[in-house]
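Work through the exercises below with the sequence and the 3D structure open. Each task is followed by a solution in steps.

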Amino acid sequence: MDCMSNQQQQLLSKIATNNGHGENSPYFDGWKAYDSDPYHHIQNPTGVIQMGLAENQLSFDIIEDWLLKNPKASICTVEGMSEFRDTAIYQDYHGLPQFRNAVANFMGKVRGDRVVYDPNRIVMSGGATGAHELVTFCLADAGDAFLVPTPYYPGFDRDLTWRTGVKLLPVVCESSNDFKITRKALEAAYEKAQKEKTRVKGLLITNPSNPLGTVIDLETLKSIVTFVNEKNIHLISDEIYSGTVFGSPGFISVSEIIEEMECNRDLIHIVYSLSKDMGFPGFRVGIVYSYNDDVVNIGRKMSSFGLVSTQTQHLIASMLSDDEFVENFISKNSEKLSKRYKSFSSGLYKAGIRCLESNAGLFFWMDLRRLLKEPTPEAEMALWQLIIHKVKLNVSPGLSFHCSEPGWFRVCFANMDDDTMEVALERIRSFVRKDVSAKRQRWQDNLKLRLSCGRLEEPHMMSPHSPIPQSPLVRART
């Protein structure tokens, strides 16, 4: 069998047979655990609840209402049939003009109309995955590298490296300053690459951050733009969560920064999609918006390998050209995300669990460091296995996001209904109670052992009826 396997492998390309997809990462393993035992409130109430998928299902009612009122937007309805032939035939790979105009308008609306986007700079691709690979092919060669602040989205390891041969080098960010990107950390990562003789072609940031759910502040963005200009490297700003901000401080795009300061605009590129802000991951609408004319021209040629279907373009163009709908959606979507965030965060707090303070995205960055047996990656994976298989929650471990500190987990909150959220929270509360109870029992057993041996030497010993020092509930309130 092994011989046959090797022979088969030799028949295929290195790209086809390597592990560059990253499918074996804990991030994707969690999805597999859910797929094999999916929760359903009636058919499988003890199944795994999916909390590892950053998907927004809270605002479908707004979109469905618009679709019912605008049946002509779809070429698959009686009302829209007149557009079928013109939409079904070959189209320019630049994209339908009305589609590019509508997306450019939506990008501006999401950013409070503080920036005007040029439809002629929009390059479409099959989702943000395709957009990231496309812009990577445009900017770097195999063996080159991009700096990426940690923690970062696990899919980047696939999107930017698998078929391009490009490397990702971590910029280590720490919890001591809420994982903010510092000039010191950027310089350290860049200098390390220089010593290793690795050519750095760019810096990739995610704003708002996945998995942190935070926005990058004005001064940090200015520092980042200054850094890439001084090093003469590219900046890719992933802004696919720009429309999911539901609290202060507000989102600031790199587009706004380059309006305020001198910089080489040829180095600035934005990746956008409608997967998160509109909740359309299945539509595969990805966008590269580049300020570099060559990247726009080359990117459009490369986009031939991953275009957005004209049927989808037609529908999106109709929907996003409706300014009243767009403004209502942005407002109501923010309200729904804020409500769910408050409900979920309150439930976690009552369970004694703290999260990084956030105001954007579709997830929490949950701190379970106090539940680790020891501060190691192995202990984090052991805890994650317990949560997946015993608590039956698919949360994503920080290790898969390249987090430098064990014990952090990403928890998605917008891909379920209210009832499922309550079930998930009750499972978390039950798990924490059992963990605290087990630690208290171990403390009492140790106390009895010391008493029996005459070794009670610590005058500051707490009462067995007091919360134990390691309790996440106690620590979360300090």
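Predicted model: local features only at pLDDT ≥ 70, side-chain atom pairs only at ≥ 80, totals over all residues.

**Exercise 1. Helix H9 and what follows it**

- Step 1. H9 covers residues 183-195, which is 13 residues. At 1.5 Å a residue the expected reach is 18 Å, and the distance from the first C-alpha to the last is 18 Å.
- Step 2. The buried residues of H9 are Ala-185, Leu-186, Glu-187, Ala-189, Tyr-190 and Ala-193. Buried here means under 20% relative accessible area.
- Step 3. The cover over these residues includes strands S3 (145-149), S4 (167-171) and S5 (200-206), together with helix H10 (218-231).
- Step 4. To read such a list along a helix, recall that an α-helix has 3.6 residues a turn, so residues three or four places apart point the same way.

**Exercise 2. Helix H6**

Task: Why does the span of helix H6 agree with its number of residues, and how many of its residues are buried?

Solution. 
- Step 1. H6 runs over residues 97-110 and has 14 residues, so at 1.5 Å a residue its span should be 20 Å. The end C-alpha atoms are 20 Å apart, which agrees.
- Step 2. Of the 14 residues of H6, 10 are buried, and the helix is mostly covered.
- Step 3. Among the buried residues are Phe-99, Arg-100, Phe-106, Met-107 and Lys-109.
- Step 4. What covers the buried residues includes strands S2 (122-126), S7 (268-273) and S8 (285-290). Helices H12 (293-302), H13 (310-320) and H14 (323-350) are also included.
- Step 5. Gly-112 follows H6 and has a positive phi, near 70°.

**Exercise 3. A sheet of four strands**

Task: In which order do the strands of the open sheet of four strands lie, and which residues stand opposite each other?

Solution. 
- Step 1. The order is S9-S10-S13-S12, and the pairing is antiparallel. The edge strands, each pairing on one side only, are S9 (354-355) and S12.
- Step 2. S9 and S10 are antiparallel and joined by two bridges. Cys-355 stands opposite Met-366 in S10.
- Step 3. S10 (residues 363-367) pairs with S13 over five bridges, in the antiparallel sense. Here Met-366 stands opposite Phe-409 in S13.
- Step 4. S12 (residues 396-397) is joined to S13 by two bridges, and the two run antiparallel. Pro-397 has Phe-409 in S13 as its bridge partner.
- Step 5. S13 spans residues 408-412, and five of its five residues are buried, so the strand is largely enclosed by the rest of the structure. One side carries Trp-408, Arg-410 and Cys-412, and the other carries Phe-409 and Val-411.

**Exercise 4. The largest cavity**

Task: How many cavities of 30 Å³ or more does the structure hold, and which residues line the largest cavity?

Solution. 
- Step 1. A search of the whole structure finds three such cavities.
- Step 2. The largest cavity holds about 60 Å³ of space.
- Step 3. Its lining consists of Ile-353, Met-366, Leu-368, Ile-387, Val-391, Leu-393, Val-395, Ile-428 and Phe-431. Met-366 is also the residue that stands opposite Phe-409 in S13.
- Step 4. Helices H15 (377-391) and H16 (418-452) each supply at least two residues of this lining.
- Step 5. Sorted by class, the lining has nine nonpolar residues, no polar and no charged.

Terms used. Residues numbered from 1 in each chain as written. Heavy atoms only, no water. Expected span 1.5 Å × (residues − 1). Buried < 20%, exposed > 50% of the residue type's maximum accessible area, 1.4 Å probe, protein only. Contact = heavy atoms within 4.5 Å. Pairing = 2+ DSSP bridges. 1 Å grid on protein atoms, 1.4 Å probe; cavity = no way out; pocket = protein on both sides within 12 Å on 5 of 7 lines; lining within 4 Å. Points joined across faces, edges and corners; volume = space filled by probe spheres on them. Nonpolar A, V, L, I, M, F, W, Y, C, P; charged D, E, K, R; others polar.
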